[in-house]
Amino acid sequence: RTMKELNAHAESFSHLVDYDTTFRIFYSEDSAIQDSSYIDKLTKVYEALKMLNVDVGFITASELNTLSSDKVVVVPPTPFLSYWAYKALQDHAAKKILVNRQDSFVKNQHGKPRNQPQMPSYADITLGGVFDMADELASNVNSLATPRKVDFQITDMQNQAAYGVFVRQFTDDSGDTTLSIINVSKDKRK
């Protein structure tokens with residue numbers, strides 16, 4: 001019976017996986033090569049965004065020209081960045097959320113200091129623990145995220161706001177909404 005139900009709703013389930021991401025994390029090969037802690041910081045930013053139940057992907061400087069201006073680019077601490085990549089990021093019309101602005105764009109790909117790095121941003125946040133960053137990102141991300149057809153709140157058993165449940169939804173042409181709710185936390189959630 002379960003397999004028949006899954007088959008009957010296969011199209012809706014496939015849309016839960018294949019979707020256009022609103023939030024893109026900027027990846028810099030220059031920083032990945034020269035900064036041994038870059039990937040760990042990028043991973044924390046990714047995990048914080050996932051905890052907020054937003055659609056998140058990755059983007060490089062060479063792909064920025066394919067990104068529409070209604071998308072959001074989240075930039076983890078990126079100390080090393082070539083001139084052309086910096087210029088592409090700086091000039092792109094997408095909203096930017098910078099993590100640890102003071103640690104970003106300070107050197108080019110060869111390690112030479114960059115003069116007065118100026119990068120317009122929608123918001124600046126501080127790199128920290130995943131849950132701390134999720135708290136700080138929440139107000140900015142929620143206002144920029146695609147509106148949800150079915151609104152939800154995730155709480156612990158004491159009705160306090162909590163993380164650890166991934167919720168995805170898709171509304172088909174007839175108005176029916178399919179929800180996928182997965183608790184990845186070790187604790188019970190409502």
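Two strands are said to pair if DSSP finds at least two bridges between them, and the close-up views of this predicted model begin with such a pair.

**View 1. The hairpin of strands β6 and β7.** Strand β6, covering residues 165-171, pairs with strand β7, covering residues 177-183, in the antiparallel sense, and 7 bridges join the two. Within this pairing, R168 stands opposite S180, the latter belonging to β7. The hairpin has 5 residues between its strands, and G175 takes a positive phi near 95° there.

**View 2. A nonpolar patch on the surface, with F13 as one of its members.** The patch is formed by M3, L6 and F13, which together have about 280 Å² of accessible area. F13 is found in helix α2, residues 10-17, and it counts as partly exposed because its relative accessibility is 32%, a value that lies between the limits of 20% for buried and 50% for exposed.

**View 3. The protein chain as the setting of these close-ups.** The secondary structure of the chain comes to 6 helices and 7 strands, and its C-alpha trace spans about 65 × 40 × 25 Å along the principal axes. Of its 190 residues, 41% count as buried, while the chain exposes about 11,100 Å², of which carbon and sulfur atoms supply 50%.

Note on methods. Residues numbered from 1 in each chain as written. Predicted model: local features only at pLDDT ≥ 70, side-chain atom pairs only at ≥ 80, totals over all residues. Heavy atoms only, no water. Patch = residues over 30% accessible without salt bridge, like charges linked within 9 Å, V, L, I, M, F, W, Y side chains within 5 Å. Areas by Shrake-Rupley, 256 points an atom, 1.4 Å probe, with all protein chains shown as cover. Salt bridge = Lys/Arg side-chain N within 4 Å of Asp/Glu carboxyl O. Helix = DSSP H or I, 4+ residues; strand = E, 2+ residues; numbered from the N terminus. Buried < 20%, exposed > 50% of the residue type's maximum accessible area, 1.4 Å probe, protein only.
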